[in-house]
Amino acid sequence: MMKAQFSDGQRVVKPFWSPLAAGVVLGLVLLLSFLLSGHGLGASGAVTHVVAGAGLVLAPEATQANSYLRPMVADGNPIGSWITWEVLGMVIGGGIAAFMAGRFRVQLDGQCSLGSGRRVTQALLGGILAGFGARVAGGCTSGLGLSGAAVLGISAFVFLGVFFAVGLLAGRFVKGV
Amino acid sequence: MFPMHESGMVSGLVCGVLFGFVLENAGFGSPAKLTAQFRLTDWSVFKVMFTAIVVAAAGLWGLRVFGLLEADSLFVPQALVMASAVGGALIGLGFAVGGYCPGTSMVGMASGRLDALVFVVGLFIGTTAFAGLYGDAIRAMMAVGAMIDGDTFADVYGIADPTMLAIMAVFLVAVFYLGSWFERRGPGPVTAEQAVAGAQ
């Protein structure tokens, strides 16, 4: 049984899993993903497929003419792909975990430390950088870093090394949250 | 014989729900906890990620040795050194600035964080911008340092998989020792209550 901790009158916030426990379970989920589908877990690929799929509906000519999106929409709308279902599942699973543990709270996290205007600006800028970067790398921390490393891909280790090095360095100069 | 090549809705939803459930329980919906890794005060990100990588890699290797997993049947990302490095740098910068990476922003959003929703909007803008700018210049940059001999350490450097697994296991133990040492010297890992209260 997990020990419940009380933070205020009504809310019971359960502690996070230990990193070892969370890591072992995450490794088993990643293994399951490989055994079921033949590929690992991901995240940014869903954004790409939604962009391509929405583009096909909203601006079909521009999407068909775009050299990056064209191959994705060649066989119809990619919005119902495995990765978009997986990311929808992530939001559901994350929500279930947060609700079950008393950790669901609507908030602008980082508002106290940065102020709301700056927090929104930085979150948007960070998302733009990460979205662009994920397309350059062909995956993000999940799809390339985590899943690629599990199959001993060279790209994954290059990605993780640079990702952490730049994060460490940038963390010295930028106040994140 | 694995893999089962189940690439439909049910397979995606099952993997995704479990993935999101574990990430939130690890504390990775919280930007304060995530970025504490870069301040070296909370090593949960390294510990969880490297444990998961070693568990999955060892499991896949074991299943292959026992003949339950078809050889060369899994997706391995193409070894593009420059693309991985530049993309990794941009995502690392985005993480330091915005507080999330793409997957953790989904979980942050699911736990009620509006800043994570803003980050996700940014992901769509960044992806669209990439598609708009994609052309010969980006293609040429991405092709720099492409490995022609293959995509894994076994293919390119002849390092056998068990050797790689052993190196990764040693690294994992080192991360736990080093991380716990740093955590004892600082304020310690971000707790669930601190995460729910938001970054201060």
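1. Of the 177 residues that make up chain A, 54% count as buried. The model is a predicted one, and the points below should be read with that in mind. Along its principal axes, the C-alpha trace of chain A spans about 55 × 45 × 35 Å.

2. The secondary structure of chain A consists of nine helices and two strands. As for contacts within chain A between residues at least 6 apart in sequence, 53% join residues that are at least 24 apart.

3. The next matter is how a helix of chain A packs against a helix of chain B. Two packed helices are described by the angle between their axes and the distance between the axes. Here the axes of helix α2 (residues 44–58) of chain A and helix α6 (residues 114–133) of chain B come within 9 Å, and they cross at roughly 65 degrees. Angles of 65 to 115 degrees count as roughly perpendicular, and α2(A) and α6(B) are therefore described as roughly perpendicular to each other. The crossing of these two helices is right-handed. On the side of α2(A), the contact is made by Val47(A), Thr48(A), Val50(A) and Val51(A); on the side of α6(B), it is made by Leu123(B), Phe124(B), Thr127(B) and Thr128(B).

4. Side chains of opposite charge can pair when their charged atoms come close. Over all chains, the count comes to seven salt bridges.

5. Arg103(A) lies in a loop of chain A, whereas Glu24(B) lies in helix α1 (residues 9–26) of chain B, so the pair joins two chains. Are these residues buried or exposed? Arg103(A) has a relative accessibility of 2% and therefore counts as buried. Glu24(B) is also buried, because its relative accessible area is 3%; the limit for this class is under 20%.

6. Arg119(A) counts as buried because its relative accessibility is 0%. Asp115(B) is buried as well, with a relative accessible area of 0%.

7. Asp42(B) has a relative accessibility of 1% and so counts as buried. Lys33(B), at 5% relative accessibility, counts as buried too.

8. Glu86(A) is buried, yet it has no salt bridge. Which side chain of opposite charge is nearest to Glu86(A), and how far away is it? The nearest is that of Arg135(A), which is 12 Å away; a salt bridge requires the charged atoms to be within 4 Å.

9. The surroundings of Glu86(A) involve both chains. Leaving aside residues up to four places away in sequence, Glu86(A) touches Leu41(A) and Gly42(A) in chain A. In chain B, Glu86(A) touches Gly12(B), Leu13(B), Cys15(B), Gly16(B) and Phe19(B).

Notes: Residues numbered from 1 in each chain as written. Chains lettered and ligands numbered in written order. Predicted model: local features only at pLDDT ≥ 70, side-chain atom pairs only at ≥ 80, totals over all residues. Heavy atoms only, no water. Buried < 20%, exposed > 50% of the residue type's maximum accessible area, 1.4 Å probe, protein only. Lys, Arg positive; Asp, Glu negative; His and termini not counted. Contact = heavy atoms within 4.5 Å. Axes fitted to C-alpha atoms, helices over the stretch in contact; angles between N-to-C directions. Helix = DSSP H or I, 4+ residues; strand = E, 2+ residues; numbered from the N terminus. Parallel < 35°, antiparallel > 145°, perpendicular 65-115°, else oblique. Left-handed = near helix turned anticlockwise from the far one by under 90°.
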